[in-house]
Amino acid sequence: MDSSQAVFDGIKKAGIDFVVSMPCVNLGKLLEMIDCDPEIIHVPVTREEEGFGIAAGAYMGGKKPAMFMQNSGLGNSVNVLASLYSIYKFPILMIISHRGTKGEPICAQIPMGEATPGLLDTLKIAYVRPKTPEEAFKLIPESWILAELGGAPLGILLDISFW
């Protein structure tokens, strides 16, 4: 199973119908698939925290939101996750291209790659790290249910080896 197809099929199975995204080379094929699906509203943004605000509004309007981003953008999102999402108990799936993991060709990505799990832990945001496309397909719908029941963000960390 293709990794992008598995993530796409997983979000469809989860009922995700609103995607906010930041560009990332690893997410490119997946974002093209989302753009072609008339059942998913896709809003590309210029800053992660802007995307989280838009996704919160979409959730209040009855949508099931996901944020697609690179883990480097997690640092830009700390305030909105620790305040807006924590206080108002908004669920969101964060599909995160986890750069800086084993096999990363760009050394500048490594420090944030190493810091990502600890940052999520500090924010008390649960996350999963599917190793295979099949595992991602299974975990994404389950993760949305947990996010919705818990009223909290949930991260799906997709390491370099996943792609």
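Reader: Which residues of α3 are buried?
Author: In this predicted model, the buried residues of α3 are Glu48, Gly51, Phe52, Ala55, Ala56 and Ala58.

Reader: Where do they sit around the axis?
Author: On the same side of α3, because they cover an arc of only 160° around the axis. In general, an α-helix has 3.6 residues a turn, so residues three or four places apart point the same way.

Reader: What covers the buried residues of α3?
Author: The cover includes strands β1 (18-21), β3 (65-70) and β4 (92-98). Helix α4 (78-88) is also part of that cover.

Reader: What span should α3 have?
Author: Helix α3 takes in residues 48-60. At 1.5 Å a residue, its 13 residues should span 18 Å. The end C-alpha atoms are 19 Å apart, which agrees.

Reader: And what follows α3?
Author: Gly62 does, and its phi is positive, near 95°.

Reader: Switching to the sheet. What is the strand order?
Author: The order is β2-β1-β3-β4-β6-β5. It is an open sheet of six strands, and the pairing is parallel.

Reader: Which strands stand at the edges?
Author: β2 and β5 (126-128) do. Each has a single partner strand, so one side of each is left without a neighbour in the sheet.

Reader: What about twist?
Author: From one strand to the next, the twist averages 20°.

Reader: How many bridges join β4 to β6?
Author: Seven, and the two strands run parallel. Across from His98 stands Asp159 in β6.

Reader: Which helix packs on the sheet there?
Author: Helix α5 (residues 110-122), which touches β4, β5 and β6. The direction of α5 makes about 160° with that of β4.

Reader: Let's pick one residue. Where is Leu158 found?
Author: In strand β6, residues 153-159.

Reader: Is Leu158 buried or exposed?
Author: Leu158 counts as buried, because its relative accessibility is 0%.

Reader: What does Leu158 touch?
Author: Leaving aside residues up to four places away in sequence, Leu158 touches Val7, Ile95, Ile96, Ser97, His98, Pro130 and Trp163. Take His98: it is 60 residues from Leu158 along the chain, yet their C-alpha atoms are separated by 5.2 Å.

Reader: New topic, charges. How many salt bridges are there?
Author: The count comes to eight. One of them joins the side chains of Lys29 and Asp2, at 3.1 Å from N to O.

Reader: What does that pair tie together?
Author: Parts that are 27 residues apart in sequence. Lys29 lies in helix α2 (residues 28-35), and Asp2 in the segment before α1 (3-14).

Reader: How accessible are Lys29 and Asp2?
Author: Lys29 is at 45% relative accessibility, so it counts as partly exposed. Asp2 is at 33%, and counts as partly exposed.

Reader: Which residue forms a salt bridge with Lys12?
Author: Asp37 does, with the closest N and O atoms 2.8 Å apart. This pair links distant parts of the chain, 25 residues apart. Asp37 is in the loop between α2 and β2 (41-44), and Lys12 is in helix α1.

Reader: Is Asp37 buried or exposed?
Author: Asp37 counts as buried, at 10% relative accessibility. Lys12, at 28%, counts as partly exposed.

Reader: What about Arg99?
Author: Arg99 forms a salt bridge with Glu104, with the closest N and O atoms 2.7 Å apart. Both Arg99 and Glu104 are buried.

How values were computed. Residues are numbered from 1 along each chain as its sequence is written. This is a predicted model: local features need pLDDT of at least 70, side-chain atom pairs count only at pLDDT 80 or more; totals for chains, interfaces and linings use all residues. Side-chain values use heavy atoms; hydrogens and water are left out. A salt bridge is a side-chain nitrogen of Lys or Arg within 4 Å of a carboxyl oxygen of Asp or Glu. Helices (H or I, at least four residues) and strands (E, at least two) are DSSP runs, numbered from the N terminus. Buried means under 20% relative accessible area, exposed over 50%, partly exposed in between (1.4 Å probe, protein chains only). The expected span of a helix is 1.5 Å times one less than its number of residues. The arc is that of the directions from the helix axis to the C-beta atoms. Contact means heavy atoms within 4.5 Å. Two strands pair if DSSP finds at least two bridges between them. Axes are lines fitted to C-alpha atoms, for helices over the stretch in contact, and angles run from 0 to 180 degrees between N-to-C directions.
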